[in-house]
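Subject: Structure handover and notes

Hi,

Here is the structure we talked about. My notes follow directly below it.

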Amino acid sequence: MVCHGPIMSVVAVWCGGARGNLWPVPTRALASRTALLQASPTLAITARAKQMKAEGKDVISFAAGEPDFNTPEAVCTAAKEALDRGFTKYTASAGTPELREAVAAKFWRENGLRYDPRQVIVTCGAKQAVFNSLQVLVEPGDEVLLLAPYWMTYADQIRLAGGQPVVVPCDPANDYQPDFDRLKAAVTPRTKAVIVNSPSNPTGAGFDRGVVKELAALALRHDLWIISDEIYEHLVYDFEPVSPASLGSEVYDRTVTISGCSKSYAMTGWRIGYLAAPLPVATAISALQDQVTSNPTSFAQCGALVALKLPDDTVQSMRAEFAARRELMLEGLASLSGVKTVPPKGAFYCFPDVSPYLGGRFADDAELAKHLLEEALVATIPGSVFEGPGHIRLSYAASREDISRGLERLADCLERAT
């Protein structure tokens, strides 16, 4: 496996630089696209943290990209009942009619988007929804705009579709809002799409209506597709997310809107995401999914159907707890000498600038993150994974007690390292 770009140094730190195979595989046996794939540093760090916990070490994880709450009981009950009645066979590849109708109703109720259920595709997680969208929209040689820092999977999936990621940095001094001069300068005749992720992983940045309107205007001006990843739409703080497709028929007709159950309902392992798109796009994605995974897990769809019909207070209680944890983490980070953090507007991540601690004992954020895990027993994700070098990502999907203890360890470890 060959790794490219800024992530390569992170992989080298966490994997010891090794690239050997477990068994000999002739080079001629591998398709050239495998050279586009990068090992996930996030998974490597998470695996190492779990291994250390299994060894009896008191590791506190700020690495997890998933809520630490249990899936709501009603959702679990629905899946159990589906199993008991034998709902374990294939469904339609695009999802059960009932779930597609519920997703369409959700988009109208919460996002102001009117979709026919035929325009809705249920996927094996929102990650597959992004992948499928890129596969049917991007031709070899097309360019896709990415606002950095960004979730690293976007870049790999663009490459797997034959496209080229074009990275447009966003300045933390401007709360990671898009720099439209840079965006406009990045557009070429090959530009096919822009990926919008608001609220964002890893920064928690959120784009208000004015920013989304300007992004939509850019897409209209240059005939671009908008792939809007709204997976964190319910986990927001003093911020009202806006779906690009809600801004008018012209924008609607060029937007794929993506969300899912993983973050809002603590259902990461259930692997239920969904998208809605113009009918020709949805039809193409359904045909693609026929040949790749077929349907999402049948009984998991039954759980998702219940999740989408839960009362609002189910999500609100989780969001309120995340809001309290956010304040606790921001308060702790503010006490660290030289560390600056842009308060997140959504999701459950902080993305502090730790550059004052780099360049001496620690060459980069990957080395610092490894030291924090091995010495302070605190798992974090290096910012360079997300093309945000000089930062680390901290998830506050952890108990308040663990947040307090973890930040104390970080402070002590950083102080001793200087």
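Glu387 counts as partly exposed, because its relative accessibility is 27%. The cut-offs are these: buried means under 20% relative accessible area, exposed means over 50%, and partly exposed lies in between (1.4 Å probe, protein chains only). Glu387 has a positive phi of about 55 degrees although it is not a glycine. Its place is the loop between strand 11 (381–382) and strand 12. Helices (H or I, at least four residues) and strands (E, at least two) are DSSP runs, numbered from the N terminus.

This is a predicted model, in which local features need pLDDT of at least 70 and side-chain atom pairs count only at pLDDT 80 or more, while totals for chains, interfaces and linings use all residues. Residues are numbered from 1 along each chain as its sequence is written, and side-chain values use heavy atoms, with hydrogens and water left out.

Other backbone points

Ala347 also deserves a look. This residue has a positive phi of about 65 degrees and is not a glycine. Ala347 sits in the loop between helix 12 and strand 9 (349–350). With 0% relative accessibility, Ala347 counts as buried.

Two cis peptide bonds are listed here. One runs from Ala148 to Pro149, with omega near 0 degrees. Pro149 is in the loop between strand 3 (143–148) and helix 6 (153–160). The bond from Asn201 to Pro202 is cis, with omega near 25 degrees. Pro202 belongs to the loop between strand 5 (191–197) and helix 8 (209–222).

Helix 14

The 18 residues of helix 14 (residues 400–417) should span 26 Å at 1.5 Å a residue, and the end C-alpha atoms are 26 Å apart, which agrees. The expected span is 1.5 Å times one less than the number of residues. Buried in helix 14 are Ile403, Gly406, Leu407, Arg409, Leu410, Cys413, Leu414 and Ala417. They cover an arc of only 165 degrees around the axis, which puts them on the same side of helix 14. The arc is that of the directions from the helix axis to the C-beta atoms. Turned away from that buried side is a face with the exposed residues Glu401, Glu408, Glu415 and Arg416.

What do the buried residues of helix 14 pack against? The partners are strand 1 (60–61), helix 12 (312–334), helix 13 (365–376), strand 10 (378–379) and strand 12 (392–395). Contact means heavy atoms within 4.5 Å.

Helix 12 against helix 14

Two packed helices are described by the angle between their axes and the distance between the axes. Helix 12 and helix 14 pack at about 10 degrees, with axes 10 Å apart. That makes helix 12 roughly parallel to helix 14. Angles under 35 degrees count as roughly parallel, over 145 as roughly antiparallel, 65 to 115 as roughly perpendicular and the rest as oblique. Axes are lines fitted to C-alpha atoms, for helices over the stretch in contact, and angles run from 0 to 180 degrees between N-to-C directions.

From helix 12, Glu321, Ala324, Arg325, Leu328, Met329, Gly332 and Leu333 meet Arg400, Ile403, Ser404 and Leu407 of helix 14. The residues of this contact divide into six nonpolar, two polar and three charged. Here Ala, Val, Leu, Ile, Met, Phe, Trp, Tyr, Cys and Pro count as nonpolar, Asp, Glu, Lys and Arg as charged, and the others, Gly among them, as polar.

Leu368

Leu368 is in helix 13. Is Leu368 buried or exposed? Leu368 is buried, with a relative accessible area of 1%. Not counting residues up to four places away in sequence, Leu368 touches Val354, Leu358, Phe362 and Leu414.

Helix 8

Helix 8 has 14 residues and should span 20 Å at 1.5 Å a residue; its end C-alpha atoms are 20 Å apart, which agrees. The buried residues of helix 8 are Val211, Val212, Leu215, Ala216, Leu218 and Ala219. Seen down the axis, they fall within an arc of 155 degrees, so they line one face of helix 8. Their cover includes strand 3, helix 7, strand 5, strand 6 and helix 9.

Gln177 lies in the loop between strand 4 (164–169) and helix 7 (180–186). At 12% relative accessibility, Gln177 counts as buried.

Best wishes
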